[in-house]
Amino acid sequence: MMLKPFERENVLAMPVVLISTVSGSGVANVAPWGNVTPILRPLDEIVIASALKRDTLDNIRETGEFVINVPPASMIDEVMICSRLYPPDVDEFAEAGLSKKTSSTVSAPGIAGCVAWIECKLKEEIVRDKYSLVIGKVTGLELNEDFVTEDGDLDYENAEPLCMLCGGSVIHYTKPVRAGRTAQYSEMFSWPGKKQD
């Protein structure tokens with residue numbers, strides 16, 4: 001079955017996050033996002049892709065700050081409420097019944113009850129004809145204590161961070177499940193016969 005080139009989200013599972021910002025005039029904003037990617041594991045940068053007409057993008061440009069909130073699957077209804085096209089002066093925290101969480105390194109608040117919070121400051125914006133790539137420097141990264149394993153990792157089975165796959169006219173919300181194997185990072189960068197450092 002051949003798909004149209006733009007239907008990449010039909011075959012690539014994507015994270016669902018809520019990006020919280022504050023406008024220059026102090027209005028809080030929350031918007032769902034799927035196009036978000038850490039830039040290489042050793043670095044402290046993250047990139048989001050945005051349409052050019054977004055309140056979130058306007059707020060990031062005005063204040064230089066944003067928070068990437070990782071919601072649990074139980075927040076699907078709130079995510080859908082925040083996906084509506086509200087005017088810029090509407091506070092989505094209030095519309096969706098979300099509580100604010102004070103951030104450590106930025107003025108924009110996080111969203112209480114999320115799995116994790118990634119506080120960012122704008123590092124660079126790359127603008128194209130139809131979209132913008134916003135590169136943020138991660139200045140604060142916090143994992144909800146309710147979902148921390150003994151090893152200090154994310155307990156994803158209990159946290160249930162929200163993900164999605166798109167269909168022809170629908171969004172299929174999903175969450176990570178264990179595939180039956182754990183691997184060391186070192187296994188990914190080795191081959192038979194390679195000498196150990």
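Mentor: Start here: a polar contact of 2.6 Å joins the side chains of Glu119 and Thr105. A polar contact is a pair of N or O atoms within 3.5 Å; within protein, one must be able to donate a hydrogen and the other to accept it, and residues adjacent in sequence count only if both atoms are side-chain atoms.

Trainee: Before that, what sort of model is this?
Mentor: It is a predicted model, where local features need pLDDT of at least 70, side-chain atom pairs count only at pLDDT 80 or more, and totals for chains, interfaces and linings use all residues. Residues are numbered from 1 along each chain as its sequence is written, and side-chain values use heavy atoms, with hydrogens and water left out.

Trainee: Where is Glu119 placed?
Mentor: In strand E9, residues 116–127. Strands (E, at least two residues) and helices (H or I, at least four) are DSSP runs, numbered from the N terminus.

Trainee: Is Glu119 buried or exposed?
Mentor: Glu119 is buried, yet has no salt bridge. Buried means under 20% relative accessible area, exposed over 50%, partly exposed in between (1.4 Å probe, protein chains only). A salt bridge needs a side-chain nitrogen of Lys or Arg within 4 Å of a carboxyl oxygen of Asp or Glu.

Trainee: Which side chain of opposite charge is nearest to Glu119?
Mentor: Lys101, 5.2 Å away. Lys and Arg count as positive, Asp and Glu as negative; His and the chain ends are not counted.

Trainee: And what does Lys101 pair with?
Mentor: Glu142, in a salt bridge with the closest N and O atoms 2.8 Å apart. Lys101 lies in strand E7 (residues 100–101) and Glu142 in strand E10 (residues 131–143), so the pair ties together parts that are 41 residues apart in sequence. Lys101 counts as buried because its relative accessibility is 19%. Glu142 is partly exposed, at 33%.

Trainee: How many salt bridges does the structure hold?
Mentor: Eight. Among them is Asp91 with Lys100, at 3.8 Å, N to O.

Trainee: New topic. Where is Ala96?
Mentor: In helix H3, residues 92–96. Ala96 counts as buried, at 11% relative accessibility. Beyond residues up to four places away in sequence, Ala96 touches Glu78, Ile81 and Cys82. Contact means heavy atoms within 4.5 Å.

Trainee: How far apart are Ala96 and Ile81?
Mentor: 15 residues in sequence, and 5.8 Å in space, C-alpha to C-alpha.
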